[in-house]
Amino acid sequence: MAYKSVSYVLLLVLLVSLPLESLITVNGRLLLPLQPKPNRDDHVGYARWLASENSWGVLSTISIEMEGAPFANVVSYSDGAPGYGQGIPYFYLTTLDPTARDIKEDNRSSFAVSEFPVGTCGTLDPEEPPCARLTLTGKMKMIPNDTSEADIAEKALFSKHPAMGGWPKDHNFQFYKLDIENIFLIDWYGGPKPITVEQYLYPKM
């Protein structure tokens, strides 16, 4: 078990070397430093930051088991390896879960993330506008195995969610992505901020 002791020592050294203001706790859980938070006026940057910094969100589909009623499910996702997000959410889903079964019949979906789990909302309620939220709406697409995009999805997801690599093979998990058609962002007062899909996917640096 010596390797665990080494890991703990390395983590302690890392944390001690960090400035106190860069350490954040959420519900008692210590989070490592984030990518720099964009300016509130940079709406595209803020949307991309939310997509990159989160690791889970709420995916809503059109339920086949409830005759077309909306069904929302908490899912893990990644838009790229940490620090290298591309804005496109990738998922690892199985048809043993109703979300993937819904997608098979009607792939129209919405995916929502909040700034609150990131740990930068302070004492704000998650519904207050300064605690930003992002909803991406479009169509879910299953990514064929043995393709370059499947490799991209695997690296994006497994780097953020290592446990996925050990999920049961007989559950037939598949990689999916959301083809984004509409973007809804609240990052301050004054209603949704206008962002086109092109602006979101290809931000000006």
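Helices (H or I, at least four residues) and strands (E, at least two) are DSSP runs, numbered from the N terminus. The model is predicted: local features need pLDDT of at least 70, side-chain atom pairs count only at pLDDT 80 or more, and totals for chains, interfaces and linings use all residues. Residues are numbered from 1 along each chain as its sequence is written, and side-chain values use heavy atoms, without hydrogens and water.

**Exercise 1. List the secondary structure of the protein chain.**

Step 1. Count the elements: five helices and eight strands.
Step 2. Read along the sequence: the pattern is α-β-β-α-β-β-β-α-β-β-α-β-α.

**Exercise 2. Check the span of helix H4 (residues 148-160).**

Step 1. The expected span is 1.5 Å times one less than the number of residues.
Step 2. H4 has 13 residues, so it should span 18 Å.
Step 3. Its end C-alpha atoms are 19 Å apart, which agrees.

**Exercise 3. Find which residues of H4 are buried and which side they take.**

Step 1. Set the cut-offs: buried means under 20% relative accessible area, exposed over 50%, partly exposed in between (1.4 Å probe, protein chains only).
Step 2. Ala150, Ala153, Ala156, Leu157 and Lys160 are the buried residues of H4.
Step 3. They cover an arc (of the directions from the helix axis to the C-beta atoms) of only 130°, which puts them on the same side of H4.
Step 4. Recall the rule: an α-helix has 3.6 residues a turn, so residues three or four places apart point the same way.
Step 5. Turn to the other side of H4: Ser148 and Lys155 are exposed there.
Step 6. Name the cover, using contact (heavy atoms within 4.5 Å). It includes helix H2 (43-53), strand S5 (90-93) and strand S8 (174-186).

**Exercise 4. Explain why H2 is largely enclosed by the rest of the structure.**

Step 1. Ten of the eleven residues of H2 are buried, so the helix is largely enclosed.
Step 2. Among these buried residues are Val44, Tyr46, Trp49 and Leu50.
Step 3. The cover of H2 includes strand S6 (108-114), strand S7 (133-142), H4, S8 and H5.
Step 4. For the whole protein chain, 37% of the 205 residues count as buried.

**Exercise 5. Find the largest share of the lining of the second largest pocket.**

Step 1. The lining has 18 residues, and Gly45, Arg48, Trp49, Pro203 and Met205 lie nearest the pocket's centre.
Step 2. H2 and helix H5 (197-201) each give two or more residues to this lining.
Step 3. The largest share, six residues, comes from H2.

A pocket, on a 1 Å grid over the protein atoms alone, is an open set of points where a 1.4 Å probe fits, with protein on both sides within 12 Å along at least five of seven lines; lining residues have an atom within 4 Å of a point.
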